[in-house]
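Subject: Structure handover

Hello,

Here is the structure you asked about. Please open it alongside this note, which goes through what was found.

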Protein chains: 2
Amino acid sequence: MTVTAESIARAHERIAPHVHRTPVMTSRRIDAIAGADLVFKCENLQRMGAFKARGAFNAVLGLSAEDAARGVYTHSSGNHGAALALAARERGIPAWVVMPQNAAGPKQSAVEAYGAEVVHCAPTLAAREEAAREVGARTGAAFIHPYDNEQVIAGQGTAALELIEQAAGLEAVTCPIGGGGLLSGTAIATRWLAAGARVIGTEPEGADDAARSFRTRTLTPLTTPETIADGLRASLSERTFRIMLDNVDAVLTTPESAIVDAMRLIWTALKIVVEPSAAVPLAAILENPEAVAGKRVGVILTGGNVDLDALPWR
Amino acid sequence: MTVTAESIARAHERIAPHVHRTPVMTSRRIDAIAGADLVFKCENLQRMGAFKARGAFNAVLGLSAEDAARGVYTHSSGNHGAALALAARERGIPAWVVMPQNAAGPKQSAVEAYGAEVVHCAPTLAAREEAAREVGARTGAAFIHPYDNEQVIAGQGTAALELIEQAAGLEAVTCPIGGGGLLSGTAIATRWLAAGARVIGTEPEGADDAARSFRTRTLTPLTTPETIADGLRASLSERTFRIMLDNVDAVLTTPESAIVDAMRLIWTALKIVVEPSAAVPLAAILENPEAVAGKRVGVILTGGNVDLDALPWR
């Protein structure tokens, strides 16, 4: 099996009763600064505040009744954990989320507020994998990986599907890259529905495993990513790397200061709350204006779950 | 002449090509906290970031060609100045905005960015009136008062008109009260289009001239309002006071801390940026839950022009 246009279309139908068809927004001010015609897909206004609801609902709703009954689990220090908790609650099944002890308080609260159980582990990859194995063995629940999962990828692709329906004539579609789930779904949806449009992934310089992997055509994970864009610290999997090689036209990167500036510009001009990861595509566009000059570009604003007590411009 | 349902309908038609039909938003989380079914009219997503664009466009577009040619002027330390500047620019006429020297930098920049001239004065009522008189005498421009102006009131009423169209079955409509322009337009529109709905004005305790005036049925201006809700420091005029007495069912007030909490709740749950004044209706509802318990309530979020470097929860 692989992720196809059909699986994205099926995902869209399946999750439609559970997620928002988020609006798109535009800003003359941002367009003037970017020298392009940008259409923002507001997944910060998605349920639980991020596009991750799409993939999680698709994965949870795709389980057989028998599998679903045993529940679901994942590891996530971010939005995927809350999304899985929400989807599990709506299906009426239990969920466990492995999180490092040092995960941000609001992220843990979100998972618990949706009724899932947080399983703490030490903040290392080995500890996380061990904790996840233990949860799986103990509960028999289904593991829903944050991005290395075809149902999750198909679900994430529904954001681009809607964006392309909402904004006619896109010449490029861009989104941030963490583990590559959103990029994969976005790329497949765009190839299918807006065949002439360029697919552009964007990444912080401090977590540029996808840019390196794309350039060298060799999967090159990063062990110590450093970026304020906490949703983008994961590295590509073999699966998302392959999809990227087959379907993505360019990967742009941005320094940290540009991410903060772009985040602030979005808050000021669009009057919406987005998290740092969501500002990475605009930052990368403003850092690499020639990539989209004069073009009509769809930009996926991935989420809005930010700690209001720790804003980066304080 | 007086403000009527017809003048609001006419205003809506006149300004439609120039302003956004802003969306409405809802939040299960806020509804659970409020114990009511709240529909937020997002005027923070209006052009220049506030409902004030509506009144300013209606006033500027309502001028005869001859009057318009001499330009417009006003006094405002807030959104009305920027709104008038924007409307004047789109009509191609000059605008002057009298502002106290100590007005917030971003507010001055906004007025200048829209091409109007800022005229500074000392931060007293007498100095402001003297400066405004001087501008009027020198330029022959038309004075567009921030709220004591029937075209402005009719324009502000178009927000409630749209809200009532967008949200069927409202049992109450609420907005903040500064000088009473928005409240006047909202009350007249609601009486006309949602005759059974209660009209509820809301105000900070530290700027409660409308609450006092409503209770005593005697116009009682405040000379030293103190509130973080900088858009609500003005006092009612005789005109807006009369409209309030005839058309408003209740005035609720809120302490400062509740305004900050409500502002933060809106940012967190709706993922949108609103200024303190815009949070006053929700704050007043949460402070006076019995006023709307179980009801479907339209809430006008008035604006989103906030200084991101001076957030109240820092």
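**A residue to start with: B:Glu90**

B:Glu90 is partly exposed, because 16 other C-beta atoms lie within 10 Å. The scale runs as follows: a residue is buried if 20 or more other C-beta atoms lie within 10 Å of its own, exposed if 12 or fewer, and partly exposed in between, with C-beta atoms placed from the backbone. B:Glu90 belongs to helix α5 of chain B, residues 79-91. Helices (H or I, at least four residues) and strands (E, at least two) are DSSP runs, numbered from the N terminus.

**Before you read on**

This is a predicted model, in which local features need pLDDT of at least 70, side-chain atom pairs count only at pLDDT 80 or more, and totals for chains, interfaces and linings use all residues. Residues are numbered from 1 along each chain as its sequence is written, while chains are lettered from A and ligands numbered from 1 in the order in which they are written.

**Chain A overall**

Chain A has 13 helices and 10 strands. Its C-alpha atoms fill a box of roughly 55 × 45 × 40 Å along the principal axes. Of the 314 residues in chain A, 58% are buried. Now the contacts. Two residues are in contact if their C-beta atoms, placed from the backbone, lie within 7 Å. Among the contacts in chain A with a separation of 6 or more, 75% join residues 24 or more positions apart.

**Two domains in chain A**

Domain 1 of chain A covers 5-51 + 149-301, and domain 2 covers 53-143. These bounds come from an automatic or database domain assignment. The C-alpha centres of the two domains of chain A lie 24 Å apart. Where they meet, 22 residues of domain 1 touch 15 residues of domain 2. On the domain 1 side, α1 (5-15) and α8 (150-166) of chain A each supply at least two residues. The largest share of that side, eight residues, comes from α8(A). By type, the domain 1 side has 10 nonpolar, nine polar and three charged residues. Here Ala, Val, Leu, Ile, Met, Phe, Trp, Tyr, Cys and Pro count as nonpolar, Asp, Glu, Lys and Arg as charged, and the others, Gly among them, as polar.

**Helix α1 of chain A**

Which residues of α1(A) are buried? They are A:Ser7, A:Ile8, A:Ala11, A:His12 and A:Ile15. Seen down the axis of α1(A), they fall within an arc of 145 degrees, so they line one face of the helix. The arc is that of the directions from the helix axis to the C-beta atoms. The buried residues of α1(A) pack against α3 (52-61), α8 and α9 (181-193) of chain A. On the other side of α1(A), A:Glu6 and A:Glu13 are exposed.

**Chain B: a sheet and a helix**

Four strands of chain B form an open, parallel sheet in the order β5-β4-β3-β6. β5 (117-121) and β6 (142-143) of chain B are at the edges with a single partner strand each, so one side of each has no neighbour in the sheet. Two strands pair if DSSP finds at least two bridges between them. β4(B), residues 95-100, and β5(B) have five bridges. B:Pro100 stands opposite B:Cys121 in β5(B).

In α6(B), B:Lys107, B:Ala110 and B:Val111 are buried. Their arc is 95 degrees, so they line one face of α6(B). Their cover includes α5, β4 and β5 of chain B. B:Gly105 and B:Ser109, on the other side of α6(B), are exposed. B:Ala113 is also in α6(B), residues 105-113. Just after α6(B), B:Gly115 takes a positive phi of about 90 degrees.

**Where the chains meet**

The contact takes 14 residues from chain A and 14 residues from chain B. The chain A side has seven nonpolar, four polar and three charged residues.

Best wishes
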